[in-house]
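Please find below my notes on the model you sent. They cover nonpolar cores and helix packing.

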Amino acid sequence: MTYNLLWADDEIELLNAHIMFLKGKGYEVRKVTNGIDAIEACKEEAFDLILLDENMPGMTGLEALMNIKQIQPTTPVVMVTKSEEEDIMEQAIGSKIADYLIKPVNPSQILLTLKKNIHSKEIVTEKTNSAYQQNIGKLAMQISDARSIEEWQEAYRQIVYWELQLESADMQMREMLKSQKEEANNMFGRFIKKNYMDWMAATPKDRPLMSNDLFRERIFPLLDAGEKVFFIIIDNFRYDQWRVLADEIGSDFTIEEELYTSILPTATQYARNAIFSGLMPKQIKEMFPELWVDEEDEEGKNLNEEPLIATQIARYRRKDTFSYSKVLTSAAADKYMDGINSLAKNDLNVLVINFIDMLSHARTESLMVRELAANEAAYRSITLSWIRHSAIKRLFRYLADNRYTVVITTDHGSIQVDTPTKVIGDKNTNTNLRYKLGKALNYSGKEVFEIKEPAKAFLPAPNLSTSYIFATSSNFFAYPNNYNYYVQYYKDTFQHGGISMEEMLVPLIKMRPKGI
């Protein structure tokens with residue numbers, strides 16, 4: 001491929017040796033001797049990079065730069081100057097130059113700036129492809145050898161790392177990783193089927209950290225140490241989304257990152273209520289029946305979160321003062337920030353943010369949103385754009401300035417589903433695509449995980465014959481009635497409630513302001 005350069009310098013003929021060198025490397029170079037001709041050249045053709053002398057007679061390089069940016073705003077411009085005066089450099093950088101060179105330049109300097117500004121994406125892609133190819137076998141072995149939740153967490157971290165690295169890589173590389181991830185989720189599903197009921201029978205120290213452990217194990221110790229704590233639950237927040245947000249919101253903090261295991265079902269009614277109460281769903285229903293909402297009830301399933309927090313604090317005979325808030329919209333976030341100073345009196349402030357969950361549901365229901373978040377990379381990108389342009393970004397700066405310890409987590413993640421599994425149930429069977437509970441459920445698919453005795457999994461059962469089933473990997477439940485329409489409508493949507501790394505292995509982040 002030939003790259004097209006423009007070089008503007010009033011002493012251009014003295015640079016012929018450099019230009020011959022660049023032509024030998026495969027670059028076409030158009031020469032001009034002043035800023036006006038540089039502007040005219042940009043009107044006539046597109047360039048891959050422009051070398052612009054700052055000190056030309058008549059129109060200066062800086063003046064030409066402003067006009068060039070209006071014509072070709074995305075073309076990188078490298079300023080070439082004899083002067084290192086601070087004000088000139090500041091003006092050039094403020095005008096968004098890509099790089100600058102100090103005269104006299106040599107061919108290796110020019111070649112380096114071309115690699116940085118034209119070829120960096122190609123070089124990074126090539127190196128990333130090569131690195132992944134070298135690590136395919138290692139990742140495959142890491143997946144196949146995973147026998148503990150810690151080993152699965154590390155395997156998932158590595159998968160997410162390569163997902164982010166390969167976003168702009170060759171389609172072939174991305175497909176290879178996708179295949180590895182699918183295989184990992186199949187094996188993870190078998191791991192959960194083998195171990196989940198044993199975890200339910202074990203003591204907390206003999207099983208993974210789970211939803212109902214978070215306050216006892218991660219929040220109360222911080223309060224006991226006298227720290228001011230902000231506990232932020234971002235609904236439906238996956239580990240890969242955390243990784244793209246980490247630099248955006250974490251620059252003012254030191255960060256400790258871990259993953260914990262969401263309980264089943266990986267759905268708000270169960271997992272988030274377990275977080276806030278410190279109890280499993282069956283225990284909530286038995287101890288606080290007025291705070292539990294059954295699947296068949298019409299009212300919202302997460303309306304009792306504040307009183308559930310109060311019950312947990314009281315059960316441990318603690319005196320912590322706390323606030324609870326939920327943010328659903330940008331306007332609500334702005335209002336929350338307006339009153340945030342009033343929260344300083346509390347030992348603990350709890351905030352639930354629902355944007356990502358709302359995005360997930362909107363993507364299912366809206367063709368336009370589905371196009372905007374067509375795949376996991378686009379889903380992450382929208383998440384990043386949201387945090388950059390919402391009041392939540394200001395919230396993290398405020399928390400750093402006011403020396404809060406911040407704990408960020410979620411109740412569950414989500415997975416992009418693609419494979420239907422037929423299920424038959426009665427009219428009282430719930431509507432979730434990743435888990436079902438009901439009487440005499442009839443289903444196909446060996447990857448389904450069935451809990452026939454809900455009480456042993458600390459799950460409420462509306463009647464004696466109730467069982468729960470969970471979809472694994474990227475499967476989703478579909479009814480035989482109107483099957484083709486149903487499958488087409490829900491295929492490739494993001495769902496939660498079942499068993500996958502994305503749903504169950506979720507981020508738990510502790511951030512302290514730098515300097516503490």
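1. The model is predicted. Its largest nonpolar core has 112 residues, and W152 and Y196 have the most contacts inside it. Helix 8 (residues 171-201) supplies the largest share of this core, with 10 residues.

2. What does W152 touch, leaving aside its neighbours within four places in sequence? The contacts of W152 are I143, A146, A184, M187, F188, F191, M501 and L505.

3. There is also a second, separate core, made of 19 residues. Among them are L15, L22, Y27 and V105.

4. Helix 1 (residues 16-24) packs on helix 5 (residues 107-117) with the axes 10 Å apart and at an angle of about 45°.

5. On the helix 1 side, H18, F21 and L22 make the contact; on the helix 5 side, P107, I110, L111 and L114 do. By class, six of these residues are nonpolar, one is polar and none is charged. L22 of helix 1 is also one of the residues of the second core.

6. Helix 2 (residues 35-44) and helix 3 (residues 61-71) have axes 9 Å apart, at an angle of about 5°. Helix 2 is therefore roughly parallel to helix 3. From helix 2, G35, A38, I39, C42 and K43 meet A64, N67, I68 and I71 of helix 3. This contact has six nonpolar, two polar and one charged residues.

Definitions and conventions. Residues numbered from 1 in each chain as written. Predicted model: local features only at pLDDT ≥ 70, side-chain atom pairs only at ≥ 80, totals over all residues. Heavy atoms only, no water. Core = buried A, V, L, I, M, F, W, Y, C linked by side-chain atoms within 4.5 Å. Buried < 20%, exposed > 50% of the residue type's maximum accessible area, 1.4 Å probe, protein only. Helix = DSSP H or I, 4+ residues; strand = E, 2+ residues; numbered from the N terminus. Contact = heavy atoms within 4.5 Å. Axes fitted to C-alpha atoms, helices over the stretch in contact; angles between N-to-C directions. Nonpolar A, V, L, I, M, F, W, Y, C, P; charged D, E, K, R; others polar. Parallel < 35°, antiparallel > 145°, perpendicular 65-115°, else oblique.
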